[in-house]
Amino acid sequence: MSKAPQGYSIRRLDAKSIRAAASELADVLVDCVEGGASVSFMSGLDRKKAYRFWMDVADRAETDGRAVLVAVRAADRKIVGTVQMIPAGYENQPHRADVAKMLVLRAERRRGLGAALMRAAEAAAAEAGKTLLTLDTASDDAERLYASLGWTRVGLIPNYALNPDGSSCDTVIFFKAL
């Protein structure tokens, strides 16, 4: 698995482990949305809704080949970040996957966890025989991270989605050949 910053580890969760960790994963998702992350949810995200999201991810992990990776703080074994590698799932795209829901608790950022999670997602994709990854982001900080990891910025789509506060946000598309 990917090398993590000192005091943390990166782990891959199977469907059973995702279900067991759904409450902690919900905490990460709620924290990120409260912090303004445009990750499919609006402000005021209810923990129950976030929990249901992760239970759905667990169901999908049983059938679609996705890898759910987490950053775990060694001191208390708490999940502080996550990312998913999701195979494209189309007959004509067996070589491709998407990276999605790269989330790190606000209190744990700027420690190298995002980079470690991304490297783990790339490794999981390579292990699954994927040679092309894509992602989109609405975050300037994430843009810098992806560029620093060798991802190529393709372009910007204006007014792609909404921020949690309801304001419009652009998204930037990236790819990386493995």
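The lining of the largest pocket in this predicted model divides into 22 nonpolar, eleven polar and ten charged residues. In this classification Ala, Val, Leu, Ile, Met, Phe, Trp, Tyr, Cys and Pro are nonpolar, Asp, Glu, Lys and Arg are charged, and the others, Gly among them, are polar. The pocket holds about 1,200 Å³ of space. Of its 43 lining residues, Met102, Thr137, Ser139, Ala142 and Tyr146 are the closest to its centre. A pocket is here an open set of points, on a 1 Å grid over the protein atoms alone, where a 1.4 Å probe fits, with protein on both sides within 12 Å along at least five of seven lines; lining residues have an atom within 4 Å of a point. Grid points are joined across faces, edges and corners, and the volume is the space filled by probe spheres set on them.

Two or more lining residues come from each of β4 (96–104), α3 (113–127), β5 (132–137), α4 (140–148), β6 (152–162) and β7 (168–177). β4 gives the largest share, seven residues. Elements are DSSP runs numbered from the N terminus: helices (H or I) of at least four residues and strands (E) of at least two.

Several of these strands belong to an open sheet of seven strands with mixed pairing, in the order β1-β2-β3-β4-β5-β7-β6. Its edge strands, β1 (8–13) and β6, each pair on one side only. Neighbouring strands are turned by 25° against each other on average, direction ignored. Pairing requires at least two DSSP bridges between two strands.

Helix α1 (residues 15–34) lies across β1, β2 (67–73), β3 (78–87) and β4, at about 110° to β3. It also packs against helix α2 (residues 47–61) at an angle of about 145°, with the axes 8 Å apart. Axes are lines fitted to C-alpha atoms, for helices over the stretch in contact, and angles run from 0 to 180 degrees between N-to-C directions. The crossing of α1 and α2 is right-handed, that is, the near helix is turned clockwise from the far one by less than a right angle. Contact (heavy atoms within 4.5 Å) includes Ile18, Leu25 and Leu29 of α1 and Tyr51, Phe53 and Trp54 of α2. By class, this contact has 15 nonpolar, one polar and four charged residues.

Residues are numbered from 1 along each chain as its sequence is written, and side-chain values use heavy atoms, leaving out hydrogens and water. Local features need pLDDT of at least 70 and side-chain atom pairs count only at pLDDT 80 or more, whereas totals for chains, interfaces and linings use all residues.
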